[in-house]
Structure formats: structure tokens, C-alpha cells
Amino acid sequence: DDLFCAHACGALSKLASIDASRVSAGVWCGVPLLEKLAAAACKETRAVGVLEALTSHAPARAAMLSLAAALAGDVEEEDVPDVDAPPPPPSETVPDDPIEEVVLAAEVINQEPEHDEAEGRAPTPSWADYFHELRGTLGIGGPTKATLEDMVLLANFDQSAAELPVSGELTATFSDGSSLKLAAVPASWNERFADAVATQTISSDQSAPIGSEDWQVQDGSAVIVDRSHIRKSPKAPDWATAVRLSEEAGASVVVVINDLFDDGLARPAFRMGVFGASPPPIGGFMVCGADGELLKKQCQEKTLTKFEVSTIRNTNRSENASPLRAAPLWPLRGVPKDASQAWALAEVVYRSKPSPTLNDDLKALTQRMTAAEKRVWLARRLQRCHRPLHDDDERALAFVECDRHAPQLEQLRTQKKDVTGLFAEDVTGDFEVRFKGESAVGSAVAREWMDLLARRAFIRGGGSLLRT
């Protein structure tokens, strides 16, 4: 809820301005909270105020740079589409009208996602499951040893984040002397830096569902399975169950290939969790779709002699000249690439502690932005220029959330009834307008809303005013 977010950020900003170290240490879930603040900072000034207050604490600055690096992606990689990646499925209808295309896109976004029948059998995780999953992910000692004193917080991020197993390495060695090394993401239930497995055989048969009588696994082998195959297996409604069934069949480790486009064309690897299920006795890893296809192809064409996979420590990052690349790796997976969010975070740190190298990173980020990201970046810069650094947090906020496809006059009546928007007690402070299902903000959005309101609520097609 955008209105709640604005007021919550204002309250956190006041707390952090008094004692930033107390806030960063007291909010134990500050690591996922920082992701929310980063997203809100591109459209909400009060969120920027919270980040600015936290920058007085060095560990919090390290966490911001770590998240900025995750949002920016690898700055050394060129943003060139993978020619081997299959293109997205073509649209059945191609609208000629761009407005119609936007409407159709919005309808697709708002549609409920389709779920496979097998996937639908998995129980919906409760808030308690998410709570324990987060503790297991951020606990330095592992899921069974996670305590508030043994977790990665904003208050100890610079010292403790490197102790989390957020990256792994898979190595396949073949009889011709060649080898293949791929990045892998360890599952949340793996033993911390003690999940190394070496074997000489793999099992990649996916002709039968996991756990069925026809599903065969060699003893001590590494099971390589597609994410889509897990969804189609009735006895494996979740990651943990699939890995447990593999262990019962004789597997020593399970490597899941993300072959689904649910998370984008890159089909990235992410951390698998248990979400209330019993942790499997063996480790699990995930590789991205492109790496998984390469692994299966080479294992089919060549003779495998050794298969190794393990979690690796992040070493030598602090020696990098770039502040973004020197920060510890962000411990939570699934962060989307967004150069404007990365720039907003890094810019807050730069204003708190300027450095030439961080300024170079900021310039590199602006060069990699898309047109949509540059619009957000420009709005952030304009707010910096036209609003003081420490603005009054008591400014009144009038907020409008408009559904452009619903009757506008009825929405005005709702505003009057709820004393919000145009009918707020004070409209002389900040007046923000958001359209449902859209992320654009700023004065242009407010002008568009006024035009929409005038045309839909008060003015007929012939130009006469309606009687209300």
C-alpha cells in the first residue's frame, strides 16, 4: 500500500535520524526491508530520508552498496541477449493501436497466474514459515542454529555477510581432459560450507515422475533434474520433498535446472527453501537455464569422469577498486536488475561519503540505463535539486490511487467519503497520484490524472459540463 509505505517511511526516518545504529540493529529483518526501501526510494521521498539517515552507520552503507551491486548486475557483462536462449512465445494477436497494446499488457499483468496441477497440491506457506525461512537464510550458523545473535543484520552486514553461503560452483570433468565450471546457488538447507559432494556418475532420466516406481537413480550419483519436471511429479510438491525422494532413491546431491520462464528470459538460479517442510538430508543446488542446457549437452556428448559441486566463499571482493564490486554479495536471491534503483542506493551512499571510485560507478550506471529507468533517475535528480536535503517530514500528504478504467466520478465520491485525495484535510503539502497497476510517479502523472478526471467525470464528448 503506497500510502502506508509513505507514512511508515516517515516514521522510520525520524527514528533513524535520532540513532541510526539503534534502528539498524533493532530491525532484525532490515536486510529484506532494505530491498523494499530501495524500490520505494525511486518514487517516495520519505524512503530516501530513511536511507540517508541509515548512511551514518558504516555497516548499513555496506549493505546498500551490496544491494546496489545486485540490482546493477555484473557491470563487466554486456547487455547482449543470449543467442542460444529460446525467444519468448509469440503473441496470438498483435494490436495496431499502441493504447490498446498498453491495455492488453495491463490485463495480462493483472491476470491470475496459471498453476500446474501438481504444483497446486503444495500448501501455501504461512507467515510463520516465511519467518523461519528468513531466519534460516540469514543465519550464519545454518537453519537449525539461527538466532538473533547469529544472523546477518544491517548492524553487522560488513562483517557477517561474507559468512553466508550465497554462491556455489559446479565442476564437471570429462575423459578427454576438458572440464566445465558453472555457477550454482546452494539451497537454504545445505550445511554451511560443508556441502561439498564429489561423484563419478549422474542421473538425469526424466521419463518418469520423481518418486514413482519407474524412476531410477544410481546409488551415490548426482541427480540433475529440470524445475518443470518437479512440478509434474505428484509426489514432489516442493523442493525439499523432491530432494528427499532423490536421497531415498540413492542420490548424493540434487542439481535443479531452472528451465521455466517464470522469472524472465534469463531463467536465473535462485535459493531453494523448505517453507515448513523437513530439511532433506542431502544438499541441493540450482543452476540457470542456459548453464543447465550446456551441462546436459556436454554430459550427453562426452564421458563424465568426475562431478563436483559445493558452496564457495566470496574471497578477494574487498580488494576490488569499485565500491560496488568490493561489497559483500547480497545474501537474498531473486533481486531483479534495475539500474535506476541501483543508482538511487549508490547515490545516497555517495552523498554521505563521497569517493571518486563510487562516482565512476554512478556514471557507469547512468550509461547502462534504459529509457524507462532514465525517467525514474531524472525524477530522483529533480527532487534532489528542488528539495532540501533534510526536508520537513511533517508535510501533509494527499494521496490519490486512481483506476483509469473505472468510473472517475464514483472514485471522487469515494475520496470525499474517505477524506483522501482532493478531499484531504490539507492539500498544500505533497500531492501524489498513482494509477493502479502502474509504477510511474511525479507531476506528469498528476497532470494526466487531472486530464482524465476532466474528460471522464465532468466533460461530455460534445464539450458541455455535466450536472453533478
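Q: Hi! Which residue is the bridge partner of Ala172 in β2?
A: In β2, Ala172 has Leu180 as its bridge partner. This is a predicted model, where local features need pLDDT of at least 70 and side-chain atom pairs count only at pLDDT 80 or more, while totals for chains, interfaces and linings use all residues. Residues are numbered from 1 along each chain as its sequence is written, and side-chain values use heavy atoms, with hydrogens and water left out.

Q: Okay, what counts as a strand or a helix here?
A: Both are DSSP runs numbered from the N terminus: helices are H or I with at least four residues, and strands are E with at least two. The protein chain has 18 helices and 10 strands.

Q: And in which sense do β1 and β2 pair?
A: Strand β1 (residues 168-174) and strand β2 (residues 179-186) pair in the antiparallel sense, over six bridges. Two strands pair if DSSP finds at least two bridges between them. Gly168 stands opposite Ala184 in β2.

Q: What about the turn, how many residues sit between the strands in that hairpin?
A: The hairpin of β1 and β2 has four residues between the strands, and Gly177 takes a positive phi near 95 degrees there.

Q: Which residue in β7 is the bridge partner of Val185?
A: That one is Met286. β2 and strand β7 (residues 283-287) pair in the antiparallel sense over two bridges.

Q: What's the order of the strands in the open sheet?
A: Its eight strands run β3-β8-β1-β2-β7-β6-β5-β4, with mixed pairing. β3 (197-199) and β4 (202-203) stand at the edges with a single partner strand each, so one side of each has no neighbour in the sheet.

Q: Which strands does helix α11 touch?
A: Helix α11 (residues 239-249) packs on the sheet and touches β5, β6 (253-257) and β7, and its direction makes about 135 degrees with that of β6. Contact means heavy atoms within 4.5 Å. For the angles, axes are lines fitted to C-alpha atoms, for helices over the stretch in contact, and the values run from 0 to 180 degrees between N-to-C directions.

Q: And how does helix α12 run relative to β2, at what angle?
A: Helix α12 (residues 289-301) runs at about 140 degrees to β2. It lies across several strands, including β1, β4 and β8 (304-311).

Q: New topic: is Thr199 buried or exposed?
A: Thr199 is buried, with a relative accessible area of 9%. Buried means under 20% relative accessible area, exposed over 50% and partly exposed in between, using a 1.4 Å probe and protein chains only. Thr199 lies in strand β3. Leaving out residues up to four places away in sequence, Thr199 touches Gly220, Ser221, Ala222, Ser252, Lys306 and Phe307.

Q: Where is Gly211, then?
A: Gly211 lies in the loop between β4 and β5. Gly211 is partly exposed, at 24% relative accessible area. Gly211 and Ser246 are 35 residues apart along the chain, and their C-alpha atoms are separated by 7.4 Å.

Q: How much of the whole chain is buried?
A: Of its 468 residues, 42% count as buried.

Q: Last one: which strand gives the most to the lining of the second largest cavity?
A: Strand β5 (residues 222-226) does, with three residues. A cavity is a set of points, on a 1 Å grid over the protein atoms alone, where a 1.4 Å probe fits but cannot get out, and lining residues have an atom within 4 Å of a point. Among the lining residues are Trp215, Val223 and His229.

Definitions and conventions. 1 Å grid on protein atoms, 1.4 Å probe; cavity = no way out; pocket = protein on both sides within 12 Å on 5 of 7 lines; lining within 4 Å.
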